Amino acid sequence: MVGLEDAVMEIIINAGQSRSLCFEALHAARQGEMEEARNLLREADGYARQAHHMQTRLIEQDAGEARQPMTLIMVHAQDHLMNSLLARELSEEIIHLYQR
């Protein structure tokens with residue numbers, strides 16, 4: 001069983017790193033460095049997967065007998081994850097526009 005505090009921090013850290021890499025990718029694309037932008041997005045995907053994996057573990061625990069309390073920090077972690085996923089999708093679209 002995963003501890004709530006550790007799980008939340010893992011989600012926040014990995015989602016935040018993913019989001020930061022997305023913005024680095026946008027900056028690289030703006031500079032015309034498309035290969036670097038694609039590499040940064042791939043790296044961002046790895047961090048997003050780690051955050052999503054932890055979220056899935058918490059959901060599985062919650063669906064079982066280890067009900068998870070809904071805390072402000074949990075909501076905060078979910079917010080970080082969703083924002084990073086949105087940043088990833090938008091970054092890819094903007095990079096395609098820069099490529100044109």
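## The model and its overall fold

The structure is a predicted model, in which local features need pLDDT of at least 70 and side-chain atom pairs count only at pLDDT 80 or more, while totals for chains, interfaces and linings use all residues. Residues are numbered from 1 along each chain as its sequence is written, and side-chain values use heavy atoms, with hydrogens and water left out.

The protein chain has 3 helices and 0 strands, and its elements run α-α-α from the N terminus on. Helices here are DSSP runs of H or I with at least four residues, strands are runs of E with at least two, and both are numbered from the N terminus. The C-alpha trace spans about 50 × 20 × 20 Å along its principal axes.

Of the 100 residues in the chain, 37% count as buried; buried means under 20% relative accessible area, exposed means over 50%, and partly exposed lies in between, using a 1.4 Å probe and protein chains only. Contacts (heavy atoms within 4.5 Å) give another view of the fold. Among those between residues at least 6 apart in sequence, 78% join residues at least 24 apart.

Ser-18 sits in helix H1, which covers residues 4–30. This serine counts as buried because its relative accessibility is 1%. If you set aside its neighbours within four places in sequence, Ser-18 is in contact with Ala-44, Tyr-47, Ala-48 and Ser-84.

His-52 is found in helix H2. With a relative accessibility of 40%, His-52 counts as partly exposed. His-52 and Leu-26 are 26 residues apart in sequence, and their C-alpha atoms are 22 Å apart in space.

## Salt bridges

Side chains of opposite charge can pair when their charged atoms come close. The structure holds 4 salt bridges, each defined as a side-chain nitrogen of Lys or Arg within 4 Å of a carboxyl oxygen of Asp or Glu.

Glu-35 takes part in two of the pairs described here. In its salt bridge with Arg-38, the closest N and O atoms are 3.3 Å apart. Glu-35 is partly exposed at 45% relative accessibility, as are Arg-38 at 31% and Arg-42 at 48%.

A further salt bridge brings together the side chains of Asp-45 and Arg-88, at 2.6 Å from N to O. Asp-45 lies in helix H2 and Arg-88 in helix H3, so this pair ties together parts that are 43 residues apart in sequence. Asp-45 is partly exposed, with a relative accessible area of 22%, whereas Arg-88 counts as buried at 17%. Elsewhere, salt bridges that share partners join Glu-35, Arg-38 and Arg-42 into one network.

## An annotated histidine

His-76 lies in helix H3. An unreviewed UniProt entry covers His-76 with the annotation "modified residue: Phosphohistidine". UniProt positions are given in the numbering used here, feature names are shortened, and annotations may be inferred rather than shown by experiment. In the model, His-76 counts as partly exposed, with 38% relative accessibility.

## The largest pocket

The largest pocket has a volume of about 160 Å³. On a 1 Å grid over the protein atoms alone, a cavity is a set of points where a 1.4 Å probe fits but cannot get out, while a pocket is an open set with protein on both sides within 12 Å along at least five of seven lines; lining residues have an atom within 4 Å of a point. Grid points are joined across faces, edges and corners, and a volume is the space filled by probe spheres set on the points.

The lining of this pocket is made up of Gln-55, Leu-58, Ile-59, Asp-62, Gln-68, Pro-69, Met-70, Met-74 and Gln-78. Helix H2 (34–63) and helix H3 (72–99) are the elements that give two or more residues to that lining, and H2 gives the most, with 4 residues. By type, the lining divides into 5 nonpolar, 3 polar and 1 charged. In this scheme, Ala, Val, Leu, Ile, Met, Phe, Trp, Tyr, Cys and Pro count as nonpolar, Asp, Glu, Lys and Arg as charged, and the others, Gly among them, as polar.
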